Amino acid sequence: MDAEVRRLEEELQADLQKANTAEDIEALRVKYLGRKAVINQLFAKVPSLSGEEKGKWGKNLNLLKNKITSAIEEKIKGLGSAEDKIDLSFPAKKFDKGSTHIVSVVSQEICSVFEKLGFTVVEGTEIENEWHNFSALNIPLDHPSRDAFDTFYLDIPQKNAQNGKFLLRSHTSPSQARVMNIIKPPLAVVSPGRVYRPDQVDASHSFMFHQVEGFAISEDINFAQLKGVLLNFVRLFFAPDTDLRFRPHFFPFTEPSAEVDISCFICKGKKEKCSLCKGKGWIEILGCGMIHPKVLKNCNIDPKKYRGFAFGMGVERPAMLKYGINDIRLFYENDVKFLEQF
Amino acid sequence: MRFSLNFLKEFLKVDIKTDKLVSLLTMAGLEVEHFEAVGSDWVFDVEITSNRYDWLSILGIAREAAASLGKEIEVKYPKVTKTPLLKTRTIKIESLKDCPTYVARVIRGIKVSPSDTTLKERVVNCNINAINNVVDITNYCMLKWGNPLHAFDEDKIEGDIYIRRARQGEKFIGIDEKERELCPENLVIADDKKVIALAGVMGAKNTEVTESTKHILLEAAIFSPIVVRHSRRAAGLDTDSSYRFERQVFAGYLEYASSEAANLILEKCKGAFYGYAFSGKAILIKDKNLTLKLKELNEYLGIEVPKSKVKGILSSLGFKVKESGKGALSISIPAFRLDVNELVDIYEEISRIYGYDKIEPQIPQIARPLAKNEIYDFKNKIRNYLVQLGLKEIITYSMESDEALKALGYDNVIKIVNPLRKQENALRPTLLLGMIEAITYNLNRMRQGMRFFELANVYGRDKDGFCESPALSIGVAEEEGGFFYVKGALLELLKNSNITEFSFEEKSLVSFTNALELFINNKYAGFIGKLDNETADKFNLKKDLFFAQLDVNILQSESKFKVYSPISQYPAIWRDISIALHKNKKFSDVLKVINEKKEFISDYQIVDTYKGKDLPEDFAAFSLRIFYQSAERTLLSEEVDKIHNDIRKRLEQTEGIKLR
Ligand SMILES: [Zn+2]
């Protein structure tokens, strides 16, 4: 008996070592605990033993059986149960999810940064007239400064001479004139939307694109605050360590005016062979300035009492910069493979 | 514009490294886009903003560089000769509005030949071709002073000189050898017989200075910027000369530019000064005066610029500055700064030279938040909700072709007067075409998951001339039960906006089959439909498109705040009915019968539909599961049976409905 039990125990240890799969363990279970198991044969011998031996072996065999059972259970736990065992390398489920267009995402993102600072979103209209799109903004109708604003004209009959012809707005700045005529300062507004210019379509031009205009007017707005507001924006929108640079520029509707560059977030201003900033270390992202007193006056706001700042930026360009999109046409093709990435 | 360092050095000693100069100029607003070494010189491509006509001259750029370097420029003004007067020809200006001033200098007996190396280098490094010494000298002086000049072969001018509008159809062959037909929009220089120049734009071939030219007439003039702009546009030209005239040229340098050119021609091409002619208004140069208060400047900019700094910056830019009481400066704006008129212009001059980078960012206190823009927030809400439902947002062009719109039954659309392409020559009154294009684009690429929506404005004419309002479109293709997918999306949207008073009405719509119109509180709010095959074929759409368009303004104005509705704590009990429905009856008829009494009915759903041989002809069958539930107690099986049997009875009694 003794030898048989010892052999059984040794064999079990060896088999346990070798068992690596659920099938192996099942075989083990049949071999050691099944109907034809050696231990059952040993149990069968117990009745024929003498009194003292009978009690001893009965107890020992029971202990052994428990030991075998728990050793096998232990092994099963180690491997995971047979039920759970599936091919985990199978492809994952594909979700057919909804998606917000990246232009909307970015436009909302831009607006919400300014909303947190107390700006209110006001949308203008896309059909505009010459007064709001140009003249009110101090852009003479017949001057080279208008060349930057080629415009689609519409066949809507003109109503009065001051407002001029109807057109599709070529920038979101007319919102300034619209808002200032209705709401008295202090005010702070961001105005997002579609704008249109007759540009031939290529990788970086589109005859329709999106802009966000922002402006604030009060008795004590200043140029330094414009810088603060925009610095706050670029850090929230691009990266917390983004730097910003104001570069003097000319816009008819602001004075002083600046173009705003951000430090390149790819090369971090290290410049060398950077494909994004072309080695300049800076990327131009928007235009801004203090609202020209003539614009305030055109919108019935007293420039002696009030000052304001304004800024305007595209939506597609920062989206392209931030997400590494290399062709503006992708935004309007609406390829599912593009849409579902955002 | 391109300029070169050696040319700049004619006005200013530059003793800093080129890249340092580039960054100084850029940060002062004269953006250097590109620079490179050419021989012993450096050339710079700069972007000149449309207000700074003065930067279209080396003198202007030198003045800017000097201010940035904290230096002063040195200008050597040429000797101006105005005698003898020219007696052989008269200059006749038709309108002083078109041409306020015209100056001519005639030099005779010259020898035209190629320029010397230095002169060639000056013009070539500024991106102008070297032609011959006379032409190069006129270009050199234009570059230097900013005033375009033109030299005519005097022998070829017949009679007097006229500055007049072109006659309709008058011919002009420029030095570019192209023939153009002129119109009265063009201002020309002419003699008794012919046009000899397109004023301020380009000289004519017929009086061009060549190697055989002996006598020249040197023109310097002021032309109206708007007239030159229209003229060069009408002629389809854009030249170094017109570029400057369009942005205004400074009359104060007219005689300097002309005289320096004359002096150089006398020096380099020999010959003798023959005569001077002047026509038009006398040139009056007046400085403008303004008083600047330091406190106001600093409040405007949000910085503290010391008074000494303000004075230094302005003087280096050519402004005259005098103390004018406490904290005030009396400033005289130099006449050549046509772009500086107001205090804010001076604020900009000070701040850009002081350095925008020295302005420390501040955050404003926005005093009063305005009323919310409800439609903007509502559109965002719809957008987010539809995305949650699994739809993808698309953005398509606001313009379509008027022909395509006509094919959909839209006749009186707003058209674009100057379209870029024929396929986008009208403003769309519907979002349907954009949807079709997006679906087609994806079908062509074998994409899946075309469940799209777009939020965009639609445009039309009304009694006020035009209207523009936000719309929502939903479109699905390749979706099983597509119609009910779109209908479901609409219902979810209505539920999300807590709109309860609405109805659908069957309607036959142009281009659609199986269409429903949606009314909210009896107001038309939009429609759903399947695009009919004929229209689909017309637009090459190979799959069924289920489409809805809604008026976002109506949705927004009818939407209500959500209120929590309590959830019953008691179990729902359901019972099924198998119904066969005659084709003349609709599911809504069944619903009407069931809803005659609304006792405890909490929900219903179709659990099965079938068509089979065992059905009577013209009948379709389905199983309807009705849920019964109370908010106050557990319903007893017997009472549910009673209600349910009552429904069965009512249904059985209805014609066209059979229970199975
Ligand atoms: Zn970089």
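B:Asn522 sits in the loop between strand S24 (512–520) and strand S25 (523–531) of chain B. Helices (H or I, at least four residues) and strands (E, at least two) are DSSP runs, numbered from the N terminus. Phi of B:Asn522 is near 65 degrees, a positive value in a residue other than glycine. B:Asn522 is exposed, with a relative accessible area of 74%. Here, buried means under 20% relative accessible area, exposed over 50%, and partly exposed in between (1.4 Å probe, protein chains only).

The model is predicted: local features need pLDDT of at least 70, side-chain atom pairs count only at pLDDT 80 or more, and totals for chains, interfaces and linings use all residues. Residues are numbered from 1 along each chain as its sequence is written, chains are lettered from A and ligands numbered from 1 in the order in which they are written, and side-chain values use heavy atoms, with hydrogens and water left out.

A positive phi is also found in A:Asn300, near 60 degrees. A:Asn300 lies in the loop between helix H9 (293–298) and S9 of chain A. A:Asn300 is exposed, with a relative accessible area of 57%.

Two cis peptide bonds were also examined. The bond from A:Glu255 to A:Pro256 is cis, with omega near -10 degrees. A:Pro256 belongs to strand S7 (residues 254–263) of chain A. The bond from B:Thr83 to B:Pro84 is cis as well, with omega near -5 degrees. B:Pro84 is placed in the loop between helix H3 (58–69) and strand S4 (91–93) of chain B.

Domain bounds come from an automatic or database domain assignment. For chain A, the assignment gives domain 1 (2–85) and domain 2 (102–339). The C-alpha centres of these domains of chain A lie 80 Å apart. For chain B, the assignment gives domain 1 (2–69), domain 2 (91–280), domain 3 (288–358), domain 4 (374–558) and domain 5 (573–659). The C-alpha centres of domain 1 and domain 5 of chain B are 87 Å apart.

The nonpolar cores come next. A nonpolar core is a set of buried Ala, Val, Leu, Ile, Met, Phe, Trp, Tyr and Cys residues joined through side-chain atoms within 4.5 Å. The largest has 125 residues. Those with the most contacts inside it are A:Phe114, A:Leu230, A:Phe246, A:Phe311 and A:Phe331. Helix H8 (residues 223–237) of chain A gives the most to this core, with nine residues. A second, separate core of 93 residues includes B:Phe44, B:Leu86, B:Leu254 and B:Phe336.

Contact means heavy atoms within 4.5 Å. Residues up to four places away in sequence are not counted for A:Phe246, whose partners include A:Phe223, A:Leu226, A:Leu230 and A:Val260.

In helix H10 (residues 316–323) of chain A, A:Glu316, A:Pro318, A:Ala319, A:Met320 and A:Leu321 are buried. The elements covering these residues include H5, strand S5 (208–218), H8 and strand S8 (282–291) of chain A. Just after H10 of chain A, A:Gly324 takes a positive phi of about 65 degrees.

A:Thr100 is in the loop between helix H4 (51–79) and helix H5 (102–116) of chain A. A:Thr100 counts as buried because its relative accessibility is 14%. Beyond four places in sequence, A:Thr100 touches A:Val105, A:Phe342, B:Arg383, B:Val387 and B:Glu393.

B:Leu443 is in helix H14 (residues 432–444) of chain B. With a relative accessible area of 16%, B:Leu443 is buried. Leaving aside neighbours within four places in sequence, B:Leu443 is in contact with B:Met450, B:Glu478, B:Leu541, B:Lys542 and B:Lys543.

The lining draws at least three residues from each of domain 4 and domain 5 of chain B.
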